[in-house]
Amino acid sequence: PLTCLYAFLMSLDFSPISQTPGELRGMIQRAGYMLSIAQSALSPLSLTPDPPGFKRYIVRAPLGVVLVIAPWNFPYLTAINSVLPALLAGNAVLLKPSPQTPLVAERFAKALYTAGLPRGVMQAVHASQTMTERLVRHRLVDFVSFTGSVPGGRAVEKAAVEADGFKGVALEVRRQVNKSNLGFSTSLHAYSLAGRTLLMSV
């Protein structure tokens with residue numbers, strides 16, 4: 001059956017076959033939930049009461065290019081937390097998988113293109129640690145989402161600080177989220193310009 005074949009293919013990417021059904025179910029459930037809340041989470045927000053002569057509201061806009069650095073363990077389940085909300089918020093995504101699970105990014109891209117995503121909006125990137133740090137610092141990368149080890153998270157944050165301008169970073173390390181950054185990686189708000197109040201004269 002197709003499910004068994006897919007389970008075998010996933011096992012080649014460092015996931016035991018016994019854990020594959022649970023990971024697939026979790027990925028589908030998370031994706032379904034994020035799709036269900038996307039419209040309401042990303043809709044403009046009116047601020048009331050308005051001062052006399054003004055209309056206040058918040059509009060969420062895409063950040064631009066989001067670099068997603070995914071871990072080797074449960075690679076599909078963890079990657080969907082960042083890849084899908086970034087795309088739903090209107091961003092382009094670079095998915096850099098662990099070198100232990102390189103096919104994950106390729107399959108993500110293939111599945112999304114098959115579903116109708118325009119070519120080039122999501123790309124698989126295979127890079128060494130040095131090249132990954134260069135990507136984090138690159139001026140065309142606007143936001144970085146990292147899931148992995150504490151040393152890896154420190155290296156990503158250090159590279160982001162060294163970049164020109166201000167670069168948003170979301171770190172999830174050792175099952176804990178760095179809440180000093182822009183938010184939990186599954187939050188759609190993390191991948192849009194939030195908190196921008198627009199004043200329009202009326």
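Q: Is α3 mostly covered or mostly open, and how many of its residues are buried?
A: Mostly covered: in this predicted model, 13 of the 14 residues in α3 are buried.

Q: What length should α3 have, and what do its ends say?
A: Helix α3 covers residues 75-88, and at 1.5 Å a residue those 14 residues should span 20 Å. The C-alpha atoms at its ends are 20 Å apart, so the two agree.

Q: Where does α3 bend?
A: At N81, by about 30°. There's a proline, P85, that follows within four residues.

Q: And what comes after α3?
A: G90 follows α3, and its phi is positive, near 95°.

Q: Switching to α2, how far does that helix reach?
A: Helix α2 takes in residues 20-42, 23 residues in total, and goes 32 Å from first C-alpha to last. That's close to the 33 Å expected at 1.5 Å a residue.

Q: Where is the kink in α2 centred?
A: On S36, and the kink is about 35°.

Q: Which residues of α2 are buried?
A: T20, E23, L24, G26, M27, A31, M34, A38, A41 and L42.

Q: OK, new topic: at what angle do α5 and α6 pack?
A: About 45°, with the axes of α5 (residues 129-137) and α6 (residues 150-162) 8 Å apart. That angle makes α5 oblique to α6.

Q: Is the crossing left-handed or right-handed?
A: Right-handed, as α5 passes α6.

Q: Which residues meet there?
A: From α5, E133, V136 and R137; they meet A155, V156, A159, A160 and E162 in α6.

Terms used:
Residues numbered from 1 in each chain as written. Predicted model: local features only at pLDDT ≥ 70, side-chain atom pairs only at ≥ 80, totals over all residues. Heavy atoms only, no water. Helix = DSSP H or I, 4+ residues; strand = E, 2+ residues; numbered from the N terminus. Expected span 1.5 Å × (residues − 1). Bend = angle between axes of the 7 residues up to and from the residue. Buried < 20%, exposed > 50% of the residue type's maximum accessible area, 1.4 Å probe, protein only. Axes fitted to C-alpha atoms, helices over the stretch in contact; angles between N-to-C directions. Parallel < 35°, antiparallel > 145°, perpendicular 65-115°, else oblique. Left-handed = near helix turned anticlockwise from the far one by under 90°. Contact = heavy atoms within 4.5 Å.
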